[in-house]
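Biologist: I am new to this structure. Please show me how to read it, one feature at a time.

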Amino acid sequence: MGGCSAPNCSNSTSIGKQLFRFPKDPVRKKKWVLNCRRDFEPTPHSRLCQDHFEQSQFEEIARSPAGGKKLKPNAIPTLFNVGDPPYAAITTPYILLPLKPEPVEKELNFGDHGYARRTPLPGLEEEDTDRTAEEQQPCTQCQVLKKQLEQEMQHTARLQKEAEEMKKRLYRLDRIEKGLQNFLFEDQIRALSLTKRSRRAVWSPETIMKARKIRCAVGTKGYEYLRELGYPLPSYRTLCNRLETKIMVTTDMSCEELAELGLGLMATCDSPTEVVGDNDEEDLIGVLS
């Protein structure tokens with residue numbers, strides 16, 4: 001750590017002494033160097049300790065940022081152990097530039113306490129006007145961000161509304177599905193989502209037996225009419241292939257009676273029977289699977 005640059009002085013901050021830089025003013029710097037009785041050119045790191053300044057060279061009240069003593073602007077070091085210095089300490093107070101006198105008030109408005117000026121000082125009116133205009137003029141970027149925020153809030157509100165509608169729709173669909181389960185099997189419910197007469201439907205044995213009973217109850221035309229209305233049933237050909245009947249017969253027995261025989265026969269329940277055409281499979285009384 002640096003110490004005092006005066007001859008025969010080894011004071012430093014390590015022992016609690018305060019150091020001061022040489023002034024930048026060439027005239028004052030020359031006086032400091034000559035009073036030190038040392039022929040050298042001070043560097044930015046050169047310092048003189050507080051012991052070389054008379055008490056009159058310090059400010060009475062002002063303190064440095066670190067809390068120590070503060071030299072006057074025209075302070076000169078004079079306390080050295082090498083004889084009287086060529087330059088004595090300056091005891092006259094330094095001169096401060098006078099402040100610009102304020103214009104004399106010609107008229108005082110005692111209604112507003114008198115000390116309040118009716119008009120601003122010259123030069124301040126334009127500054128206050130510009131500041132007021134800047135405060136009143138909105139920031140362009142703030143306006144853009146505010147507009148974007150409003151759009152995002154509207155979009156969020158719209159999405160929340162759509163989400164509520166979707167929840168209500170899912171709730172209704174769930175209730176519909178539970179209602180369909182009361183009289184339809186799962187494969188029939190899946191078939192409702194397929195296109196009409198789609199070949200991708202996979203029918204369970206329960207649905208085939210249910211379709212056979214419906215076929216026996218309403219006949220061929222009634223069965224096809226139900227399918228045209230959208231009731232989930234297998235096609236007549238699929239129904240015949242799945243029932244695995246091997247004998248084609250003409251009989252007036254009902255489907256239940258034929259099933260009790262265990263012969264694998266299937267017959268319509270219509271009476272009287274219609275004339276069978278050459279290529280009309282739906283009018284057949286019995287079909288070979």
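**Reading the model**

Modeller: Leu71 is a place to begin: leaving out residues up to four places away in sequence, Leu71 touches Phe20, Trp32, Phe53, Gln57, Phe58 and Glu59. Contact here means heavy atoms within 4.5 Å. This is a predicted model, in which local features need pLDDT of at least 70 and side-chain atom pairs count only at pLDDT 80 or more, while totals for chains, interfaces and linings use all residues. Residues are numbered from 1 along each chain as its sequence is written, and side-chain values use heavy atoms, with hydrogens and water left out.

Biologist: Which residues touch the most other members of the largest nonpolar core?

Modeller: A nonpolar core is a set of buried Ala, Val, Leu, Ile, Met, Phe, Trp, Tyr and Cys residues joined through side-chain atoms within 4.5 Å. Buried means under 20% relative accessible area, exposed over 50%, and partly exposed in between, with a 1.4 Å probe and protein chains only. The largest core has 18 residues, and Cys4, Ala6, Phe22, Trp32, Leu48, Phe53 and Leu71 touch the most other members. At least two residues of this core come from each of β1 (19-21), α1 (26-36) and β2 (47-49). The largest share, 3 residues, is supplied by α1. Another core, of 9 residues, lies apart from it and includes Ala191, Trp203, Ile214 and Leu243.

Biologist: How many helices and strands does the protein have?

Modeller: Helices (H or I, at least four residues) and strands (E, at least two) are DSSP runs, numbered from the N terminus. The protein has 7 helices and 2 strands, in the order β-α-β-α-α-α-α-α-α along the sequence.

Biologist: Which residues of α1 are buried, and which are exposed?

Modeller: An α-helix has 3.6 residues a turn, so residues three or four places apart point the same way. In α1 the buried residues are Arg28, Trp32, Val33, Asn35 and Cys36. They lie on the same side of α1 because they cover an arc of only 165° around the axis; the arc is that of the directions from the helix axis to the C-beta atoms. Pro26, Val27 and Lys30 are exposed on the other side of α1. Among the elements that cover the buried residues of α1 are β1 and β2. After α1 comes Arg37, with a positive phi near 60°.

Biologist: Is Ser193 buried or exposed?

Modeller: Ser193 counts as exposed because its relative accessibility is 63%. Ser193 sits in the loop between α4 (186-192) and α5 (205-229). Ser193 and Pro232 are 39 residues apart in sequence, and their C-alpha atoms are 9.9 Å apart in space.

Biologist: Where does UniProt place the "coiled-coil region"?

Modeller: The unreviewed UniProt entry places this feature at residues 142-169. UniProt positions are given in the numbering used here, feature names are shortened, and annotations may be inferred rather than shown by experiment. In the model, residues 142-169 are 100% helix and 0% strand, with their end C-alpha atoms 40 Å apart.
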